[in-house]
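Visitor: I am new here and would like a friendly tour. Could you show me what we will be looking at?

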Amino acid sequence: MTIRVTSYGAAGTVTGSCHLIELGDRRVLVDCGMFQGTLEVEIWNREPLGFDPRSLDAVFVTHGHLDHCGQLPRLTQGGYRGRIHATRPTYDVVRLILIDSARIQYEDWANAHENIEGAVPDESVPPPLYSEQDVFETLDLFQTTGYNRPLDLGGGLLATFRNAGHILGSAFIEFDSPDGRVIASGDIGSWGESVVPSPTLPTPPADVVTIESTYGGRIHEPLPQAIATLAEIITQTVNRGGNVLIPTFALERAQDILFILRGLVETRQVPRIQVFLDSPLAINFTRLHRRYPEQLSDPVKRIITVGQDPFSFPDLQFTRTQAESRQIDKIRQGAVIMAGSGMATAGRILRHLTYNLERPESTVLFVGYQGEETLGRQLVEGAAQVIIHGEEYDVRAQIASIDGFSAHADEPMLLRWLAAARPQHVLLVHGEEPAPELLMNSILERHGFDTVISQRAKTYEFD
């Protein structure tokens with residue numbers, strides 16, 4: 001048995017997922033994502049990949065989040081012409097994500113270098129990493145498959161996608177070869193009644209498992225409790241005369257919250273509210289979910305089978321245009337505004353914050369992970385003032401967070417998933433201190449599996 005694993009991203013960070021797995025003389029890449037967060041981290045997107053894309057035998061994408069697929073076009077730029085394997089829903093998500101990414105990069109650069117008389121170009125804004133043409137050439141390389149269908153890659157190497165329960169189409173991947181057996185987790189979802197089904201447990205045994213550690217040392221509040229907290233926050237905010245702002249990840253979190261709000265509105269657990277999904281990308285992803293009812297959880301399927309829309313209810317508005325978005329800011333009470341980005345680092349949520357952050361009657365509610373040094377992390381950690389678009393704002397609104405809606409497994413769930421794999425060796429990825437250390441200690445204490453925390457660009461060899 002000869003297995004080598006090198007993490008070129010999502011090692012010491014929660015973004016930039018990119019893992020090279022070598023089984024004998026076969027080289028496969030799992031994910032090729034973008035680094036997101038601080039400027040110090042994002043500069044890694046412009047460094048060399050660390051490997052020759054032309055040396056790869058195959059590429060696998062666990063799911064369509066930008067931090068798992070955002071650098072795929074750099075592979076084709078580097079000469080890769082092999083297959084990129086993913087589930088069909090993941091392909092559809094990646095298509096939307098990469099086209100949007102290329103457009104935003106170009107617009108940011110063009111705006112900073114706009115040819116206006118007397119204007120000085122902002123050289124701090126770098127050129128795009130790739131163009132839309134690069135994206136289309138990358139999409140041409142995709143080959144889609146379903147869950148639980150082994151792919152024969154030749155030379156005795158098989159790869160099988162299993163449901164990861166994280167977002168639409170998400171998967172972990174089991175590699176079987178004469179040189180050993182590796183399971184790459186991608187992102188593992190939570191067990192519960194969310195929009196997508198709970199994760200499948202891996203097939204034992206495994207020689208090596210790479211597993212995310214985002215919520216090492218953490219236990220999520222139960223979903224029913226999280227829903228009750230959401231209803232309470234909305235009710236209290238509306239009664240105070242304010243609005244609820246929810247910085248929302250366009251994929252999965254937006255659909256989960258819409259589905260939950262539908263139930264709260266139908267059962268009258270919240271007062272009369274106007275709900276706005278103010279994100280063109282989130283709107284597109286919501287439509288995409290309707291295309292794959294077989295990929296959704298049983299509670300969602302039950303609504304679909306009676307001819308109803310699980311993501312629609314009275315007083316819900318999808319706002320695509322900037323003009324529609326600006327109209328929302330005229331509302332002073334009773335609005336629930338869902339807008340990107342989920343960590344409040346960009347997007348329409350920033351403008352909505354400028355209208356509501358200094359209002360004690362309003363609430364800013366975070367329902368997902370907040371990376372280091374992001375605006376979301378600053379608010380959650382109690383910042384008294386923050387900077388938005390170069391202006392300082394006092395934080396007078398109520399700041400709340402609910403982690404029961406997380407699309408990531410907490411520590412007990414990760415341990416449950418890992419125990420099912422019965423690995424000889426464990427490599428922890430996709431986490432920032434102290435989460436990987438806490439998870440490693442729990443693994444060693446409860447299961448005794450040989451466990452290391454992956455360091456970026458370091459190769460780990462297992463014989």
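Guide: Leucine 261 is in contact with Leu230, Ile234, Val275, Phe313, Val336 and Met338, leaving aside its neighbours within four places in sequence; contact means heavy atoms within 4.5 Å. This is a predicted model, in which local features need pLDDT of at least 70 and side-chain atom pairs count only at pLDDT 80 or more, while totals for chains, interfaces and linings use all residues. Residues are numbered from 1 along each chain as its sequence is written, and side-chain values use heavy atoms, with hydrogens and water left out.

Visitor: Which residues have the most contacts inside the largest nonpolar core?

Guide: Leu75 and Leu261 do, in a core of 73 residues. A nonpolar core is a set of buried Ala, Val, Leu, Ile, Met, Phe, Trp, Tyr and Cys residues joined through side-chain atoms within 4.5 Å. A second, separate core has 22 residues, including Leu151 and Tyr460.

Visitor: Why is serine 17 called buried?

Guide: Buried means under 20% relative accessible area, exposed over 50%, and partly exposed in between, with a 1.4 Å probe and protein chains only. Serine 17 has 2% relative accessibility, so it counts as buried. Serine 17 sits in the loop between strand S1 (3-9) and strand S2 (18-23). Helices (H or I, at least four residues) and strands (E, at least two) are DSSP runs, numbered from the N terminus.

Visitor: What makes valine 209 buried or exposed?

Guide: Its relative accessibility is 0%, so valine 209 counts as buried. Valine 209 belongs to strand S11 (residues 206-212) and touches Trp417 and His425, among others, not counting residues up to four places away in sequence.

Visitor: Why is H7 described as roughly perpendicular to H8?

Guide: Helix H7 (residues 253-266) and helix H8 (residues 280-291) pack at about 70 degrees, with axes 9 Å apart. Axes are lines fitted to C-alpha atoms, for helices over the stretch in contact, and angles run from 0 to 180 degrees between N-to-C directions. Angles under 35 degrees count as roughly parallel, over 145 as roughly antiparallel, 65 to 115 as roughly perpendicular and the rest as oblique. The angle therefore makes H7 roughly perpendicular to H8.

Visitor: How do you know that H4 and H8 are roughly antiparallel?

Guide: Helix H4 (residues 88-112) packs against H8 at an angle of about 165 degrees, with the axes 11 Å apart. H4 and H8 are therefore roughly antiparallel to each other. Among the residues that meet are Asp92 and Leu96 in H4, and Phe285 and Arg291 in H8.
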